[in-house]
Amino acid sequence: MERSAWPKSLSSSRKREIQELCGQNPKKLRDAFDAHSQTGDHPRQPLFAGDLMVSVLGSFSTNTQSLSSGAESYKVFQVPSNAFVSSEVSKGSESVKSPVQRSPLESVKPPVQRSPVSILWEQPLVEAATAIYEGRVDVASKILRRLSSLLNPMSTSKQKLMGYMLSALKSRVSPIDYPPPVAELFTEDHVLSVRSLYDLSPCFKLGFMAANNPILEAASEQPSTNKLHVIDFDIGWEGQYYDLLDDLSMRQEGNQFTLKITALADSFYGEKRLRMLGDRLSLHAAQVKVRLVFNIVSQKLSELSRDSLGCEPEEVLAVNLAFKLYRMPDESVSAENTRNELLRRVKGLAPQVMTLAEQEMNGNTVPFPMRVEEALAYYGALLESIQSTVPRDKLKQERAEKGLGRKLGNLISCEGRDRVERCEVFGEWRARMGMAGFELKSLGRLVAKFLEAGFAFPLQKGFTVKEENGVVCFGWLGRTLTVASAWH
């Protein structure tokens, strides 16, 4: 395949991807590439790789064309005016290990094969992020304007992902014209959207359910008492406690269990909402004949103690931190480091077990281009998994997806205290837990097998559950999305 001009900014891997596409539709794409590459490396008309790719895609005819990559098919819809390509989400495997340190401009790529067409769309976004990172805002703005003119109406998961990322990068470049989502993450609407996400996504729902097992195990290790006390710093999914009440009901043999739940009230989960939740749980507890004590506590982090939280000597104490820590500022934000401070305070409570569930995404302190590429992979898999859930609740799905758009927008467009979204991979959490004095308590293969077999609720094809080094990983098509673990 002879070329009249390959832009110097186009890497050899991108050349191979374009050549692969040309092999599927030789004349049409070859002619388009030749036409758009005539500017070559002219100093007054620089041709960036991302612009070239978008231009080539934009020159297709209006006919829908199928492009094959391996065993999968990818379709290009209405490319002349909108030039958007939909494709399968990457099918990869994310390891729950500490991230490898890379140079600022090195791309984060899952060890999987992705559609060249999908890469053609994502690559310009990463190039825009790299330009922002290097201070070349004019270059980033040019790429974003071009992509904005080509985006299709957001109907597929891939289209929604690209729309959310475009909005986030625009906010990063021009926060006055495109205000980033900060206060929106603390509204009632966002609370409802996160709750919808937990309801719809088995990866989150199973993360909560997996946390119940070590809590029940800790209670069974002390048969002399029938009192279980769970301190929850952020009740995200109330279904976790319905399941816990049911499990306790089945385990009690003539000796009624007492479950005490102490819920910490903060700006994200107000006292009024917690009271309503306590009333609902009390009704269910009465039905399953388990005694429930539901307490609401509003305290500063520095005031937390066993006495202030109502801990009693004869009860089994558990602390639940499911999907809480990633929103807390760490040492990269301020010297206060409330993330590590909370862990130290929890350790001081001397619980028999502490449960943790977090999203598996390297999105906290990595360089900005790597954060963007990681977000594209993670949110792409998550959005696709939500669209695949059957049966679908359209209203709940739309609410959850809008919430994900806000979360992604905050992750990409904000820094400092404004950036609430600070997810990390399990290796980072393991290091933090170790520094706070915690040791890993293996969840075991039986927990993973139980959840994978669908005893909790049927898992549809595509969702994965696996045990790895004592923790349980939940994912979509091999990409780990959440990880549940227990500590003592």
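How many residues does H6 have, and how far does H6 reach from its first C-alpha to its last? In this predicted model, H6 has 17 residues and spans 24 Å between its first and last C-alpha atoms, close to the 24 Å expected at 1.5 Å a residue.

## Overall architecture

The protein chain contains 15 helices and 12 strands. Of its 488 residues, 57% count as buried. Among contacts in the protein chain with a separation of 6 or more, 75% are accounted for by residues 24 or more positions apart.

The chain exposes about 20,700 Å², and carbon and sulfur atoms supply 51% of that area.

## Helix H6 and its packing on H13

Helix H6 covers residues 157-173. Because 13 of its 17 residues are buried, H6 is largely enclosed by the rest of the structure. One of its partners is helix H13, residues 394-413: the two axes come within 8 Å and cross at roughly 35°. The crossing of H6 and H13 is right-handed.

On the H6 side, the contact is made by Lys160, Leu161, Tyr164, Met165, Ala168, Leu169, Ser171 and Arg172. H13 contributes Gln397, Glu401, Lys402, Gly405, Leu408, Gly409, Ile412 and Ser413. By class, the residues of this contact comprise seven nonpolar, five polar and four charged.

## Glutamine 387

Glutamine 387 lies in helix H12, which runs over residues 368-388. Its relative accessible area is 14%, under the 20% limit, and therefore glutamine 387 counts as buried.

When neighbours within four places in sequence are left aside, glutamine 387 is in contact with Ser155, Thr156, Ser157, Lys160, Arg392, Gln397 and Glu401. Among these partners, Lys160 also belongs to the H6 side of the contact with H13, and Gln397 and Glu401 belong to the H13 side.

## Helix H9 and its surroundings

Helix H9, residues 239-251, has 13 residues. From first C-alpha to last, H9 reaches 19 Å, close to the 18 Å expected at 1.5 Å a residue. Its buried residues are Gly239, Gln240, Tyr241, Leu244, Leu245 and Leu248. These buried residues pack against both helices and strands: helix H8 (202-220), helix H10 (271-288), strand S4 (227-232), strand S5 (258-264) and strand S7 (316-322).

The packing of H9 with H8 has an angle of about 35°, with the axes 10 Å apart, and the crossing is right-handed. In H8, the residues involved are Phe208, Met209, Ala211, Asn212, Ile215, Leu216 and Ser220; they meet Gln240, Asp243, Leu244, Asp247, Leu248 and Arg251 in H9. Seven nonpolar, three polar and three charged residues make up this contact.

## Leucine 228 in strand S4

Is leucine 228 buried or exposed? Leucine 228, found in strand S4, has a relative accessibility of 1% and so counts as buried.

Residues up to four places away in sequence not being counted, leucine 228 touches Ile215, Ala219, Leu248, Thr258, Leu259, Lys260 and Val316. Leucine 317 lies 89 residues from leucine 228 along the chain, while the C-alpha atoms of leucine 228 and leucine 317 are separated by 6.3 Å.

How values were computed
Residues numbered from 1 in each chain as written. Predicted model: local features only at pLDDT ≥ 70, side-chain atom pairs only at ≥ 80, totals over all residues. Heavy atoms only, no water. Axes fitted to C-alpha atoms, helices over the stretch in contact; angles between N-to-C directions. Helix = DSSP H or I, 4+ residues; strand = E, 2+ residues; numbered from the N terminus. Left-handed = near helix turned anticlockwise from the far one by under 90°. Contact = heavy atoms within 4.5 Å. Nonpolar A, V, L, I, M, F, W, Y, C, P; charged D, E, K, R; others polar. Buried < 20%, exposed > 50% of the residue type's maximum accessible area, 1.4 Å probe, protein only. Areas by Shrake-Rupley, 256 points an atom, 1.4 Å probe, with all protein chains shown as cover. Expected span 1.5 Å × (residues − 1).
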